[in-house]
Amino acid sequence: MGVIEQVWDVDPIPTDEVADRAAAAVDALDFDGVPEGGEVAVGAGSRGIANLPEIVGGVVRGVREQGYDPFVFPAMGSHGGATAEGQREKLATLGVTEESVDCEIRATMDVEQVGTTPERDVAVYADAHAAAADAIVMANRIKPHTDFTGEVESGLSKMLVIGMGKQRGAKMAHDWAVDWSLRNMIPEITTQLLEALPVAGGVAIVEDEHDDTTLIEGVPASGFLDRERELLEMARARMPTLPFEELDVLVVDQLGKDISGQGMDTNVTGRRHFTIAEPEPESPDIKRVYARSLTSKTHGNAMGMGAADFVHEDIAETVDTSKSLINAITASTVRGVRLPPVVETDRAGLIATLGTIGPVAGPEARVLRVTDTMRLERCYASAPLVEEARERDDLRVVEEPVPVRFDEDGRFAAASPD
């Protein structure tokens with residue numbers, strides 16, 4: 001395996017400017033009708049968003065500068081084991097605490113039913129604290145979703161519908177997604193929520209190929225769906241992907257909820273076979289996936305391990321079956337937490353994958369090893385891939401191929417590529 005690097009043109013927002021940009025984005029929101037000193041609920045989610053504490057803290061400051069009294073609430077569906085304390089801990093894991101954002105955090109799993117959809121009479125839910133506030137502001141990243149493809153995917157609207165709906169709202173949405181599809185449901189329920197609640201708008205985030213913050217923009221409620229469609233196209237163009245469309249083996253060093261809602265981003269792996277009534281991405285085509293570990297921030301939630309063909313025993317030993325089960329039931333993606341065949345070592349994992357890809361000689365195998373599906377700038381690549389990289393302007397060969405080495409425990413001797 002050698003090392004290759006993807007060549008990207010990026011322009012991230014300097015870290016010391018992120019909070020100020022987030023505060024300034026609040027100026028674009030619509031607080032008409034909110035009394036002076038009124039309470040504003042700021043929704044924060046559970047994904048691995050870059051600079052999340054700075055962004056949430058900046059939004060809180062921006063709300064205060066408008067003359068209102070902000071509080072933060074977890075808008076993360078059933079994450080954190082579907083408990084209020086678990087969701088508070090999840091935010092803390094991501095750096096969002098009352099101290100870091102200088103604001104009270106109100107966590108509850110209680111919801112209010114605020115309406116029903118016009119055609120299917122589906123109940124629409126919202127976090128009880130948010131529903132009681134004088135205004136609501138969401139702060140979330142816009143990106144392609146892992147379970148479906150539509151004009152509006154993961155972002156402000158989904159956070160309103162599923163994140164703010166807590167476990168009950170998230171379960172409702174995923175139940176109906178089986179035959180209605182989230183691509184149709186999210187816009188309709190978003191419209192219902194905007195009519196029923198005082199949503200001032202949201203602060204949208206777009207990240208670049210390095211998963212650094214490249215855009216922070218205030219979106220008033222009136223522009224939620226239209227502007228989000230435009231930002232989704234921007235996010236899709238900036239999303240990091242694998243440098244090759246056809247692989248025999250993909251080795252993923254870690255998966256977790258902080259990496260993707262499905263542990264490994266399905267837009268990167270091309271594997272969405274555990275969803276219902278949703279087509280898989282057309283590419284890439286990967287014969288075998290070997291996953292090595294769970295991130296510490298996922299707290300044992302192994303959603304997405306079912307997309308691997310083999311997993312290291314470290315994953316089997318660190319799975320929190322309760323959290324994984326709750327997530328699977330809520331999202332109706334039970335196959336996503338099925339435990340694949342377990343191997344004791346990386347040596348065994350590599351041999352198992354190479355031994356099940358058909359009549360491909362070892363030296364000819366197209367093998368790629370990545371840190372996770374977010375960090376894809378540098379990858380370990382087998383010799384055929386390195387040779388292909390030499391002919392491409394978007395790739396750079398950093399290290400020439402050398403034999404893969406293992407330590408005395410059978411683990412890869414080389415650290416993660418990124």
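Reader: What volume does the largest pocket have?
Author: In this predicted model, a pocket is an open set of points on a 1 Å grid over the protein atoms alone, with protein on both sides within 12 Å along at least five of seven lines. Its points are joined across faces, edges and corners, and the volume is the space filled by probe spheres set on them. For the largest pocket the volume is about 470 Å³.

Reader: Which residues in the lining of the largest pocket are closest to its centre?
Author: Residues are numbered from 1 along each chain as its sequence is written, and side-chain values use heavy atoms, with hydrogens and water left out. Local features need pLDDT of at least 70 and side-chain atom pairs pLDDT 80 or more, whereas totals for chains, interfaces and linings use all residues. Lining residues have an atom within 4 Å of a point, and the largest pocket has 25 of them. The closest to the centre are Met1, Val402, Pro403, Val404 and Arg405.

Reader: How many nonpolar residues are in the lining of the largest pocket?
Author: Elements giving two or more residues to this lining are β1 (2–6), α13 (346–354), β13 (367–370) and α14 (383–390); helices (H or I, at least four residues) and strands (E, at least two) are DSSP runs, numbered from the N terminus. Ala, Val, Leu, Ile, Met, Phe, Trp, Tyr, Cys and Pro count as nonpolar, Asp, Glu, Lys and Arg as charged, and the others, Gly among them, as polar. The lining has three polar and four charged residues, and its nonpolar residues number 18.

Reader: Which residues of the second largest pocket lie nearest its centre?
Author: The second largest pocket has a volume of about 230 Å³. Its lining divides into seven nonpolar, three polar and four charged residues. Of these 14 residues, the ones nearest the centre are Gly48, Ile49, Ala50, Lys297 and Met374.

Reader: Which element gives the most to the lining of the largest cavity?
Author: A cavity is a set of points where a 1.4 Å probe fits but cannot get out, and there are three cavities of 30 Å³ or more. The largest holds about 470 Å³ of space, with Arg47, His79, His145, Lys158 and Gly261 the closest to its centre among 32 lining residues. That lining has nine nonpolar, 17 polar and six charged residues. The element giving the most, with four residues, is α6.

Reader: How many charged residues line the second largest cavity?
Author: The second largest cavity has a volume of about 160 Å³. Among its 15 lining residues, Lys143, Glu207, Asp211, Met239 and Pro240 lie nearest the centre. By class there are seven nonpolar residues and one polar, and the charged residues number seven.

Reader: Which residue's backbone nitrogen does the side chain of Asp248 reach?
Author: Asp248 is in strand β9 (residues 246–252) and is buried (under 20% relative accessible area), at 7%. Beyond four places in sequence, its contacts (heavy atoms within 4.5 Å) include Lys287, Arg288 and Ile357. At 2.8 Å, the backbone nitrogen reached by its side chain belongs to Arg366.

Reader: At what distance does the side chain of Tyr380 reach the backbone oxygen of Ala415?
Author: Tyr380 belongs to strand β14 (residues 378–381) and is buried, with a relative accessible area of 14%. Leaving aside neighbours within four places in sequence, its contacts include Met1, Gly2, Val3 and Ala415. The side chain of Tyr380 reaches the backbone oxygen of Ala415 at 2.7 Å.

Reader: What percentage of the chain counts as buried?
Author: The secondary structure of the chain comes to 14 helices and 15 strands. Its C-alpha trace spans about 70 × 40 × 35 Å along the principal axes. Of the 418 residues, the part that counts as buried is 58%.

Note on methods. Buried means under 20% relative accessible area, exposed over 50%, partly exposed in between (1.4 Å probe, protein chains only). A polar contact is a pair of N or O atoms within 3.5 Å; within protein, one must be able to donate a hydrogen and the other to accept it, and residues adjacent in sequence count only if both atoms are side-chain atoms.
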